[in-house]
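Me: Could you walk me through this structure and show me how to read its features one by one?

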Amino acid sequence: MNGQNRADVTSGLRVAIVLKKDQRSGKKTEGVVKDLLTNSSFHPHGIKVRLEDGQVGRVAEILE
C-alpha cells in the first residue's frame, strides 16, 4: 500500500511520510498517524497526515 487512498490510512498506523522540506530529496520520516488532513478519498502524491510528534507530510508508504 502506497498511501494514496484515504481508506488505507487510519489513525494509529505506522507510516513513512515525506515532509514538505524533503520533497526534493524524497527523504522519508517514520511515525504514527495522529490526524488525517486530506479530505478527498484519493491523492496522487499521498494522503497528508499529522504524526503524533506533530510533523506534517504526505504518506509515502504504510509500514504495517
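Me: Let's start with salt bridges. How many are there by the rule you use?

Reply: The rule asks for a side-chain nitrogen of Lys or Arg within 4 Å of a carboxyl oxygen of Asp or Glu. By that rule the count here is four salt bridges. One of them pairs Glu-30 with Arg-14, at 3.4 Å from N to O. Glu-30 belongs to strand S2 and Arg-14 to strand S1 (residues 14–19), so this pair ties together parts that are 16 residues apart in sequence. Keep in mind that this is a predicted model, where local features need pLDDT of at least 70, side-chain atom pairs count only at pLDDT 80 or more, and totals for chains, interfaces and linings use all residues. Residues are numbered from 1 along each chain as its sequence is written, and side-chain values use heavy atoms, with hydrogens and water left out.

Me: Are the residues Lys-28 and Asp-35 buried, exposed or partly exposed?

Reply: Buried means under 20% relative accessible area, exposed means over 50%, and partly exposed is in between (1.4 Å probe, protein chains only). Lys-28 has 43% and is partly exposed, and Asp-35 at 28% also counts as partly exposed.

Me: How are the strands arranged, and in what order?

Reply: Strands of a sheet pair through backbone hydrogen bonds, either parallel or antiparallel. DSSP must find at least two bridges between two strands for them to pair. Here four strands close into a barrel in the order S1-S2-S3-S4, with antiparallel pairing. From one strand to the next the twist averages 70° (axes are lines fitted to C-alpha atoms, and angles run from 0 to 180 degrees between N-to-C directions). Strand S2 (residues 28–36) and strand S3 (residues 48–51) run antiparallel and are joined by three bridges. Leu-36 stands opposite Val-49 in S3.

Me: Which residues make up the largest nonpolar core?

Reply: A nonpolar core is a set of buried Ala, Val, Leu, Ile, Met, Phe, Trp, Tyr and Cys residues joined through side-chain atoms within 4.5 Å. The largest one has eleven residues: Val-9, Leu-13, Val-15, Ile-17, Leu-19, Val-33, Ile-47, Val-49, Leu-51, Val-59 and Ile-62. S1, S3 and S4 each give two or more residues to this core, and S1 gives the most, with three.

Me: And Ser-11, where is it found?

Reply: Ser-11 is in the segment before S1 and is exposed, with a relative accessible area of 52%. Leaving out residues up to four places away in sequence, Ser-11 touches Val-33, Lys-34 and Leu-36, where contact means heavy atoms within 4.5 Å. The Ser-11 side chain also reaches the backbone oxygen of Lys-34 at 3.2 Å.

Key:
Polar contact = N/O pair within 3.5 Å; in protein donor to acceptor, adjacent residues only side chain to side chain.
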